[in-house]
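Subject: Structure for you to look at

Hello,

Here is the structure for you to open. Please have it on screen while you read my notes below.

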Amino acid sequence: MTTTATPAATAKVASYAFWARDGKELATFYAAALGFQLVAEYPNEAGVPTAFLVSDADGSVLYTFYTARDYQAPNWPQDELPFHLDLSFDDVEAGEKRLLELGATKPDHQPGNGQWTVLLDPSGQPFCISPAANWQY
């Protein structure tokens, strides 16, 4: 008797989702930071836009930002984070300046001995920036 193995089902990430008190504000921030576009808005049951999609030019990367009425930013560094983003730049100083102009803030607590810089996005969620060379393997 011959049996044929069924290939394992594998998934592809369709979207990375983030919650904030103002999903559109956060979508606008990350669209500008990444050079992406706000490509769609979806309303809740009452017809109010609450989900905002941001994508790169070819649609291969998609982020979804949701407005969550009860969202509370983590109390970082006291709270552990379930996830965060790491953004890399060829010119970290210029990248940091641009992100601060877009609405990020820089907390006093900076772990990592200068290997990266922690910023807070407009929702208060920490993310890190570092040189692109740090991510080459």
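**A buried serine**

Ser 123 is buried: its relative accessible area is 12%, and the cut-off for buried is under 20%. Keep in mind that this is a predicted model. To find Ser 123, go to the loop between β6 (117–120) and β7 (126–131). Its side chain makes a polar contact of 2.6 Å with the side chain of Asp 121. Leaving out residues up to four places away in sequence, Ser 123 touches Trp 19, Ala 20, Leu 26, Tyr 71 and Ala 73.

**Aromatic pairs**

How many aromatic pairs does a search of the whole structure find? The search gives 12. One of them joins Tyr 16 and Tyr 63. This pair is tilted, with 35 degrees between the planes and 5.3 Å from centre to centre. Tyr 16 sits in strand β1 (residues 16–20) and Tyr 63 in strand β4 (residues 62–67), so the pair ties together parts that are 47 residues apart in sequence. Tyr 16 is partly exposed, at 41% relative accessible area. Tyr 63 counts as buried, at 13%.

Next, look at Phe 18 and Phe 83. They form a tilted aromatic pair too, 5.6 Å centre to centre and with 55 degrees between the planes. Phe 18 belongs to strand β1, while Phe 83 is in the loop between β4 and β5 (86–89), so this pair ties together parts 65 residues apart in sequence. Buried or partly exposed: which is Phe 18? Phe 18 counts as buried, with a relative accessibility of 8%. Phe 83 is partly exposed, at 40% relative accessible area.

Now colour the aromatic cluster. Tyr 16, Phe 18, Phe 29, Tyr 30, Phe 36, Tyr 63, Phe 65, Phe 83 and Phe 127 form one cluster. Both pairs described above have their residues in this list.

**The largest pocket**

The largest pocket has a volume of about 160 Å³. Its lining consists of 13 residues. Which of them lie nearest the centre? They are Trp 19, Tyr 71, Pro 74, Phe 83 and Gln 125. Two of these, Trp 19 and Tyr 71, are also touched by Ser 123. Phe 83 is also part of the aromatic cluster. Strand β1 supplies the largest share of the lining, with 3 residues. By class, the lining has 8 nonpolar, 3 polar and 2 charged residues.

Best wishes

How values were computed
Residues are numbered from 1 along each chain as its sequence is written. This is a predicted model: local features need pLDDT of at least 70, side-chain atom pairs count only at pLDDT 80 or more; totals for chains, interfaces and linings use all residues. Side-chain values use heavy atoms; hydrogens and water are left out. Helices (H or I, at least four residues) and strands (E, at least two) are DSSP runs, numbered from the N terminus. Buried means under 20% relative accessible area, exposed over 50%, partly exposed in between (1.4 Å probe, protein chains only). A polar contact is a pair of N or O atoms within 3.5 Å; within protein, one must be able to donate a hydrogen and the other to accept it, and residues adjacent in sequence count only if both atoms are side-chain atoms. Contact means heavy atoms within 4.5 Å. Rings of Phe, Tyr and Trp (its six-membered ring) pair if their centres lie within 6.5 Å; planes under 30 degrees apart count as stacked, over 60 as edge-to-face and the rest as tilted. On a 1 Å grid over the protein atoms alone, a cavity is a set of points where a 1.4 Å probe fits but cannot get out, and a pocket is an open set with protein on both sides within 12 Å along at least five of seven lines; lining residues have an atom within 4 Å of a point. Grid points are joined across faces, edges and corners, and a volume is the space filled by probe spheres set on the points. Ala, Val, Leu, Ile, Met, Phe, Trp, Tyr, Cys and Pro count as nonpolar, Asp, Glu, Lys and Arg as charged, and the others, Gly among them, as polar.
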